[in-house]
Amino acid sequence: MTPYTKLLLCPVAGIILALGACASTPPAPTNPAQALEERRLQSERLIAKAVEYTANGQIDDAINLYKQAVSLYPQDAFAWYNLGVLCSRQKRLAESAEAWNMAATLDAKDPRAHFALGLQVQELGWLPDAADFYTRALERDPNYLPALKKSVEVDQLRDSYSDVTLERIRRALLQETDPKWGEYLHRMQLKTQERVARTGGNTGR
């Protein structure tokens, strides 16, 4: 069991308690579809207020509103993602992991939740898990620049260079405009080409 797996198995008491306690009671529905739509609209109003609170720096209040929103309408990937971002800011890592996993499950095309999970576990020093999450993000969008750059960085930290690393560097260089990152990627390109050539891989030369 990896450290990240242990993190996910930790009780997410804050989320569980908030979701149970903060849910508003919608008006008596005439049918299930109307009830669902009413909950969705209530959730949207809470999300709008949470965005406002976030802009004003009221992070705890925004977190509580996002929890109410996903309690009413759990299908909203945007709300789960933002909840994860705010919980991460507060160092509530188990809650942010839970929220981002929900966001990734609900939106199969958006790479951001897996990328955010990668950043979080990389900061904890769990490099294999970080590499896995960046790969998952890039499976959703092969040109997602933040994941391309961080995956290269993790490969360097792990001293693990491959054809995949080289391809990601090339994709990143086609998009990168930051001179510092551009210089870093060019250095990694030369180093990766040398390592891959040494092992008989394809450097694309």
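This is a predicted model: local features need pLDDT of at least 70, side-chain atom pairs count only at pLDDT 80 or more; totals for chains, interfaces and linings use all residues.
**Stop 1: helix H11**

Select residues 179-198, which make up helix H11. Its 20 residues, at 1.5 Å a residue, should span 28 Å, and the end C-alpha atoms lie 29 Å apart, which agrees.

Next, select Asp178, which caps the N-terminal end of H11. One of the side-chain oxygens of Asp178 is 2.8 Å from the backbone nitrogen of Lys180. Beyond the helix, select Gly200, which follows H11 and has a positive phi, near 85°.

Within H11, colour the buried residues: Gly182, Tyr184, Leu185, Met188, Gln189, Thr192, Gln193 and Val196. What covers the buried residues of H11? Display helix H9 (145-157) and helix H10 (163-173), which are included in that cover.

**Stop 2: salt bridges within helices**

The whole structure contains 16 salt bridges.

In helix H9, select Lys150 and Glu153, which lie three residues apart, about one turn of the helix. Their side chains form a salt bridge, with 2.4 Å between the closest N and O atoms. Is Lys150 buried or exposed? With a relative accessibility of 17%, Lys150 counts as buried, because the cut-off for that class is under 20%.

Move to helix H10 and select Glu167 and Arg171. A salt bridge joins their side chains at 3.2 Å, N to O. The two residues are four apart in H10, and so are separated by about one helical turn. Glu167 counts as partly exposed at 36% relative accessibility, and Arg171 also counts as partly exposed, at 28%.

At this point, select Asp60, Lys67, Arg92 and Glu95 together. Salt bridges with shared partners join these four residues into one network.

Then go to helix H3, residues 32-55, and select Arg40 and Glu44. The closest N and O atoms of this salt bridge are 2.4 Å apart. Being four residues apart in H3, Arg40 and Glu44 are separated by about one helical turn.

An α-helix has 3.6 residues a turn, so residues three or four places apart point the same way.

**Stop 3: the largest nonpolar core**

Select Tyr66 and Leu83. These are the residues with the most contacts inside the largest nonpolar core, which has 45 residues. Which helix gives the most to this core? Helix H4, residues 59-72, does so, with eight residues.

Keep Tyr66 selected and display what surrounds the side chain. Leaving aside residues up to four places away in sequence, Tyr66 touches Ile47, Ala50, Val51 and Thr54, and also Ala79, Asn82, Leu83 and Leu86.

**Stop 4: an aromatic cluster**

The whole structure has three aromatic pairs. Select Phe115 and Tyr134 for one of them. Their ring centres are 5.7 Å apart and their planes meet at 40°, so the pair is tilted. This pair links distant parts of the chain, 19 residues apart: Phe115 belongs to helix H7 (residues 112-123) and Tyr134 to helix H8 (residues 127-140). Phe115 is buried, with a relative accessible area of 13%, and Tyr134 is buried at 0%.

Phe115 and Tyr144 form an edge-to-face pair, 5.7 Å from centre to centre and with 85° between the planes. Tyr144 lies in the loop between H8 and H9, whereas Phe115 lies in H7, so the pair ties together parts that are 29 residues apart in sequence. Tyr144 is buried, with a relative accessible area of 18%. Viewed together, Phe115, Tyr134 and Tyr144 form one aromatic cluster.

**Stop 5**

Finally, select Phe78, which lies in helix H5, residues 77-89. Phe78 is partly exposed, with a relative accessible area of 40%.

Methods:
Residues are numbered from 1 along each chain as its sequence is written. Side-chain values use heavy atoms; hydrogens and water are left out. The expected span of a helix is 1.5 Å times one less than its number of residues. Buried means under 20% relative accessible area, exposed over 50%, partly exposed in between (1.4 Å probe, protein chains only). Contact means heavy atoms within 4.5 Å. A polar contact is a pair of N or O atoms within 3.5 Å; within protein, one must be able to donate a hydrogen and the other to accept it, and residues adjacent in sequence count only if both atoms are side-chain atoms. A nonpolar core is a set of buried Ala, Val, Leu, Ile, Met, Phe, Trp, Tyr and Cys residues joined through side-chain atoms within 4.5 Å. Rings of Phe, Tyr and Trp (its six-membered ring) pair if their centres lie within 6.5 Å; planes under 30 degrees apart count as stacked, over 60 as edge-to-face and the rest as tilted.
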